[in-house]
Amino acid sequence: MLLLAWSVKGIKMNDNSNRLNVALHLGDNALILGHRISEWCGHGPVLEQDIAMTNIALDLIGQAKMYFDYAAEIEGQGHDHDYFAYRRDVLDFKNLLLCEIPNGDFAYTIARQFYFDQWHFLLLTELSNSEDERLKEIAQKSLKEVTYHRRWSSEWVVRLGDGTPESKEKMQRAIDDTWYYSGEAFIPVDYENGILPIGLKDQWMKNVKEVIEEATLKMPTDEWMQEGGKTGNHTEHLGFILAEMQYLPRAYPDATW
Amino acid sequence: MTLLESKAWSVLSEIEDPEIPVISVVDLGIVRTVVEEEGILKVAITPTYSGCPATQVIEDSVVDALKAAHLEPFEVKTVLSPSWSTSMISESGKFKLKEYGIAPPADDSTDKMALMGEERQITCPNCGSKDTKMVSQFGSTPCKAHFKCKDCLEPFDYFKCL
Ligand SMILES: [Zn+2]
């Protein structure tokens, strides 16, 4: 009897820890990419696009908050969303490497956003029917915003790709260089099992290819992909992001104004 | 509706949106439900955009207003589902937006069509012309897109559909 009780409890805890990791993975994607795009604030190529990027950053950071609130509930340790954003270190973060790579020039930022949005859109579409009620609610809410993001980044791929020789060259280089970070999303890790949808890659390839062709650019074909972010193995860039993002709450814990 | 509930609704309909101060949080559809349960007033509010910085301000104002009207005990909670959409903005809310110079959201399908790449027709809140052009689908706040009128040449905000 005792053994049985243990194993049942074991399964339940395991299930909860998977859900916690999924909530953190999704929240970390949104937070880190949101932070990255927010770095453009005041540096956008034109005012309208500066505003567009800060809006997208806001949406993503708001989405991160919803996932972290959920994570806090699953974890049950009395933490809040700020805890997950500000009191964890590099190894605890589970975002895709794609989200943390530097902004580069505007074309790099667009390429990164384009690959991410195309995946994010498909993911949230699927999660909008999730059996996990909370993930379903968050996905339904976020999907509306991400529909705008995806349109924005796709339009820019086309505008720059099918633009001047210089913009075309820069867009192609960005599409090629960031490509190696685009596939991690489709390589499942243990904690996703049964919670996140699988098999999104074919549709993603099809959608991405359509835009890249419309942009008169060449679709990358390399199949080797960088991975590790989902399990906490990050590039050297994440530590710098956290240093900036977490400085204040760590230097002045629980500061309010 | 109980007396307490109707009191609460009228208190809440006095709270202005912090970013568009001509429209109340009730007109905006942010206050989802007000229910009296066993003597406790339960108010459910919903965020417009996930990252809208006004959300916290609105929640605080709701709490303050209910306190000021001595409607304790009450609970204010945030609900995500069904997710907020511009169709939750009341007719009087849409009218107030237009008066304020913000083109109110067209019906849902207009923006869905636009998302498919078709042009949408938004009326200039300044002169009424339909000859307008989107400058950027992201505007001064998360809920707005940036337009300009080709007739009167004025730039204006459009409350985009969500
Ligand atoms: Zn006009």
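Two strands are taken to pair if DSSP finds at least two bridges between them, and strands themselves are DSSP runs of E with at least two residues, while helices are runs of H or I with at least four residues, both numbered from the N terminus. By this rule, five bridges join strand 6 (residues 144–149) of chain B to strand 7 of chain B, and the two run antiparallel. The model is predicted, with local features requiring pLDDT of at least 70 and side-chain atom pairs counted only at pLDDT 80 or more, whereas totals for chains, interfaces and linings use all residues. Residues are numbered from 1 along each chain as its sequence is written, chains are lettered from A and ligands numbered from 1 in the order in which they are written, and side-chain values use heavy atoms, with hydrogens and water left out.

Chain B contains four helices and seven strands, which follow one another from the N terminus in the order α-β-β-α-β-α-β-α-β-β-β. Its C-alpha atoms fill a box of roughly 55 × 30 × 25 Å along the principal axes. Of the 162 residues in chain B, 47% are buried, where buried denotes a relative accessible area under 20%, exposed one over 50%, and partly exposed a value in between (1.4 Å probe, protein chains only). With contact defined as heavy atoms within 4.5 Å, 52% of the contacts in chain B between residues at least 6 apart in sequence join residues at least 24 apart.

In general, the strands of a sheet pair through backbone hydrogen bonds, either parallel or antiparallel. Strand 4 (residues 102–103) of chain B runs parallel to strand 7 of chain B and is joined to it by two bridges; in this pairing, Ile102(B) has Asp157(B) as its bridge partner, and Ala103(B) stands opposite Tyr158(B). On the antiparallel pairing of strand 6 with strand 7 of chain B, Lys148(B) is the bridge partner of Pro155(B). These two strands form a hairpin with five residues between them, and in the turn Leu153(B) has a positive phi of about 65 degrees. Because four of the five residues of strand 7 (residues 155–159) of chain B are buried, this strand is largely enclosed by the rest of the structure.

Most residues other than glycine have a negative phi, and most peptide bonds are trans. Glu38(B), in the loop between strand 1 (31–37) and strand 2 (40–45) of chain B, has a positive phi of about 50 degrees although it is not a glycine, and Glu38(B) is exposed, with a relative accessible area of 83%. The loop between helix 2 (54–68) and strand 3 (74–78) of chain B holds Pro73(B), which is joined to Glu72(B) by a cis peptide bond with omega of about 0 degrees. His70(B) is found in the loop between helix 2 and strand 3 of chain B; its phi is near 55 degrees, a positive value, and at 64% relative accessibility His70(B) counts as exposed. A cis peptide bond with omega of about -10 degrees joins Ser81(B) and Pro82(B), and Pro82(B) is placed in the loop between strand 3 and helix 3 (91–100) of chain B.

The contact between the chains takes 22 residues from chain A and 27 residues from chain B. The area buried between them, meaning the accessible area (1.4 Å probe) that two parts lose on being put together, summed over both, is about 2200 Å², of which carbon and sulfur atoms give 60%. Lys141(A), Tyr148(A) and Arg151(A) supply 34% of the area that chain A buries against chain B, more than any other three residues. Helix 2 (47–75) and helix 6 (133–161) of chain A each supply at least two residues of the side that touches chain B, and helix 6 of chain A gives the most, with 12 residues.Asn55(A) lies in helix 2 of chain A and is buried, with a relative accessible area of 4%. Leaving aside neighbours within four places in sequence, Asn55(A) is in contact with Phe138(B), Gly139(B), Thr141(B) and Pro142(B), and its side chain reaches the backbone oxygen of Gly139(B) at 3.0 Å.

How values were computed:
Polar contact = N/O pair within 3.5 Å; in protein donor to acceptor, adjacent residues only side chain to side chain.
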